[in-house]
Amino acid sequence: MEQKKIGKFIAKRRKDLHFTQANLAKKLGITDRAVSKWENGKSIPDASLMLDLCQLLEINVNELLTGEQIVMKDYKKIAEQNLIELRNQKEKADRRLLTTVKILATLSCISAVVLILMGTLLTKISQFLGIMVVILGTILIFVTAIYAVMIEHDAGYYECPNCKMRYIPTRKAVLLASHYGTTRKMECPYCGKKGYHKKVFTK
Ligand SMILES: [Zn+2]
């Protein structure tokens, strides 16, 4: 997917239909800065806006993603390529997100342990201050753990070892499951068996 080509195509269709950037932005409920960023190839339209944008520009989503009007004979092939590419981009973003969260969570846990140790030492000088620092460290651990689990839940899927189905569990199920790393003990919604479900990034 070429952002620059998509941007030029959006600009061309917009001008063909005699819209200004501001007109188009207003119809979509976004800023004209966002439209300008698309047209300059700095970003591509959010998936949630694509259908409305295509309707306004009188094109279809595959034409938008390809950056040109498609003749019918190439249509199916190009549609499939675009879907594969969208999926790959999502997968890459999910992997990146999870790695970032792992690093942040580790740093945060180290800080929390340092806080708790410091608090314990501090109680010798001021009990109140010491206890407050220990509480702060404990809260930090809990907040980090919950946040990390929520991100893990949102990125990708879990695979049942029994029936091999891939699914997105509820947040509560992920949060309460015992685990090692990102592999969690949960109940499969398809076959109903409990087991250790591995994190995967494709459906
Ligand atoms: Zn299953």
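This is a predicted model: local features need pLDDT of at least 70, side-chain atom pairs count only at pLDDT 80 or more; totals for chains, interfaces and linings use all residues.

Student: Which residues coordinate the zinc ion?

Tutor: The donors are the SG atoms of Cys160, Cys163, Cys188 and Cys191, at 2.3 Å.

Student: How are the donor residues spaced in sequence?

Tutor: The pattern is C-x2-C-x24-C-x2-C.

Student: And what arrangement do the 4 donor atoms make around the zinc ion?

Tutor: Tetrahedral, because the angles they subtend run from 107 to 116°. The cut-off for four donors is that all angles lie between 85 and 135 degrees.

Student: Is Cys188 buried or exposed?

Tutor: Cys188 has a relative accessible area of 3%. Buried means under 20%, so Cys188 counts as buried.

Student: What about Cys191?

Tutor: Cys191 is partly exposed, at 31% relative accessible area.

Student: Switching topic. What does UniProt place at residues 10–64?

Tutor: The UniProt record, an unreviewed entry, has the feature "domain: HTH cro/C1-type" there.

Student: What is the helix and strand content over that stretch?

Tutor: Residues 10–64 are 69% helix and 0% strand.

Student: At what angle do helix 2 and helix 3 cross?

Tutor: Roughly 115°, with the axes coming within 8 Å. Helix 2 covers residues 21–28 and helix 3 covers residues 32–39. That angle makes helix 2 roughly perpendicular to helix 3.

Student: Left-handed or right-handed crossing?

Tutor: The crossing of helix 2 and helix 3 is right-handed.

Methods:
Residues are numbered from 1 along each chain as its sequence is written. Side-chain values use heavy atoms; hydrogens and water are left out. Donors are N, O and S atoms within 2.8 Å of the metal (3.2 Å for Na, K and Ca); water is not among the atoms, so sites may look incomplete. Four donors count as tetrahedral if all angles lie between 85 and 135 degrees; four count as square planar and six as octahedral if opposite donors are over 155 degrees apart and all others between 65 and 115; anything else is irregular. Buried means under 20% relative accessible area, exposed over 50%, partly exposed in between (1.4 Å probe, protein chains only). UniProt positions are given in the numbering used here, feature names are shortened, and annotations may be inferred rather than shown by experiment. Helices (H or I, at least four residues) and strands (E, at least two) are DSSP runs, numbered from the N terminus. Axes are lines fitted to C-alpha atoms, for helices over the stretch in contact, and angles run from 0 to 180 degrees between N-to-C directions. Angles under 35 degrees count as roughly parallel, over 145 as roughly antiparallel, 65 to 115 as roughly perpendicular and the rest as oblique. A crossing is left-handed if the near helix is turned anticlockwise from the far one by less than a right angle, and right-handed if clockwise.
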